[in-house]
Amino acid sequence: MRRAMAEAEVGDDVLRDDPTVRLLEEETAAVLGKEASLFVPSGCMGNEIAVATHTRRGDSILLHRDSHLVYTESAAMQGLLGLAFQLLEGDRGLLRADDVARTLDEERDGIRLLSLEQTNNWSSGSVYTRSDLHAVASAARERGLPVHLDGARIWNASAASGVAPAEFAAAADTVMVCFSKGLGAPVGSALASTAARIQEARAVRKMLGGGMRQVGIVAAGALHGLRHHRERLVDDHRRAHRLAEAIAEVPGIRLDPSRIETNILIAEIEPPHDRLPRFVEAVGAAGVGLLAFGGPGRFRAATHLDVDDAGIDRAVAAIRAAARDVLGAA
C-alpha cells in the first residue's frame, strides 16, 4: 500500500484531473453498483454530504437511536445542516420495516430521509441481512422517502454474510463507504450514487472544505485496500470471535460471543463501573488498545489487518491480567 502511494500518478482533484482519484471513484462505484462515486476525506463528511443532497434546513432524518449520525455527527447534522432527528428503537441498532412504515404513516411531517447503518458500530458490528435491509428501505421508498446507507463497514457486512456490497448498496439512493477501517487505508471514504447526485455532492464537498489537490497519493492507498483487502476481512472476524469467546470466560466481564458477527466486540465490566478507566489503562500498559465506549462500564475492541493470531493471544493475556488486578477477578 505504501509503495502504491509513493508511486501514485497525481493531478488536481478539484479540477477532476487526478487520475488515481478518478480510478478509485470508478472502481468504487462499480463495486457498489452505482453510476458514480466521490472521494472524500472522511466518512463523517461523506455522510454529511449525502444528507445535505437529500434535505433542507428544518427537515428531519429518520434513523435508529444508536446510529453513528446520532452519536458522532449530531453537531454537523443539527448545527451545520439545521436538521432534526426522529429516533427509532430496534434490536442491536437495526430498524424494523414495520416500525419505519408505522412512523411514516403516523408522523410523516418534516421527515425527508431514512438513514441506515451497515454494520452498526454501537452494537458490536451487527449486520442487516439483505432481505431485512431491503425491507426497511422499501418501507421508506414506498412512502416517497429516499434512503441513505452509512456503509462505513459494508465490506465487513459483505464478508460476514457472503452478500456482495452492491446488493446491500442497491437498497439505498446514496451510500457512504470507508477505506480507512477494514480495508486499512490511512485515510479516506467515498460517497456513491447517481451521476447527477454525485455532481451535486461535489459542490457540497467544496462548500465543506473537502476539495483536495494532489490527493491521488492518498487515493492510491484506498484503491489498494479496495482491490486487495476485502477478502481477508474474514480473518478479522474469525479473530474477533476468538477474542470474544476468551473474554466471555474472564470473571468480572460480561459479553455474549454469539452476538459478535464481524470485527467489533463491546463488553461490559461488572459494577462498579468507575473502575473502567483503570482497567483500560492496565490493558493499554501491556500494549493492547481498548476504548471506553458505548455506555457505563463498556469497552470496545476491534480486530483489523494489523492484528494477527499472536496479537489475539497477547490481548487475551492482557485482559485477564487487568481483570485480576483491577477488577479483583479470580
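Predicted model: local features only at pLDDT ≥ 70, side-chain atom pairs only at ≥ 80, totals over all residues.
Two cis peptide bonds are described here. One joins Gln118 and Thr119. Its omega is about -5 degrees. Thr119 belongs to a loop, with β4 (111-117) on one side and α7 (130-141) on the other. Another cis peptide bond links two prolines, Pro271 and Pro272. Here omega is about 0 degrees. Pro272 is again a loop residue, placed between β9 (264-269) and α13 (276-285).

Positive phi values come next. Arg16 is not a glycine, yet its phi is positive, at about 60 degrees. The residue sits in the loop that runs between α1 (2-6) and α2 (19-32). Arg16 has a relative accessible area of 41%. It is therefore partly exposed, as this class lies between the 20% and 50% limits. The relative accessibility of Arg92 is 17%. Arg92 therefore counts as buried, since the limit for that class is under 20%.

The structure holds 4 aromatic pairs. One of them is formed by Phe39 and Phe179. A pair of aromatic rings is described by the distance of the centres and the angle of the planes. For Phe39 and Phe179, the centres are 6.3 Å apart and the planes make an angle of 40 degrees. The pair is classed as tilted, because 40 degrees falls between the limits of 30 and 60 degrees. Phe39 is part of strand β1 (residues 36-40). Phe179 lies in the loop between β6 (174-178) and β7 (189-193). The pair therefore ties together parts that are 140 residues apart in sequence. Both Phe39 and Phe179 are buried.

A cluster of aromatic residues is also present. Tyr71, Trp122 and Phe293 make up one aromatic cluster. Phe293 has a further contact, with Arg300. The charged end of Arg300 sits over the Phe293 ring, 4.7 Å from the ring centre.

Key. Residues numbered from 1 in each chain as written. Heavy atoms only, no water. Helix = DSSP H or I, 4+ residues; strand = E, 2+ residues; numbered from the N terminus. Buried < 20%, exposed > 50% of the residue type's maximum accessible area, 1.4 Å probe, protein only. Phe/Tyr/Trp six-rings, centres within 6.5 Å; stacked < 30°, edge-to-face > 60°. Lys NZ or Arg CZ within 6 Å of the ring centre and 35° of its normal.
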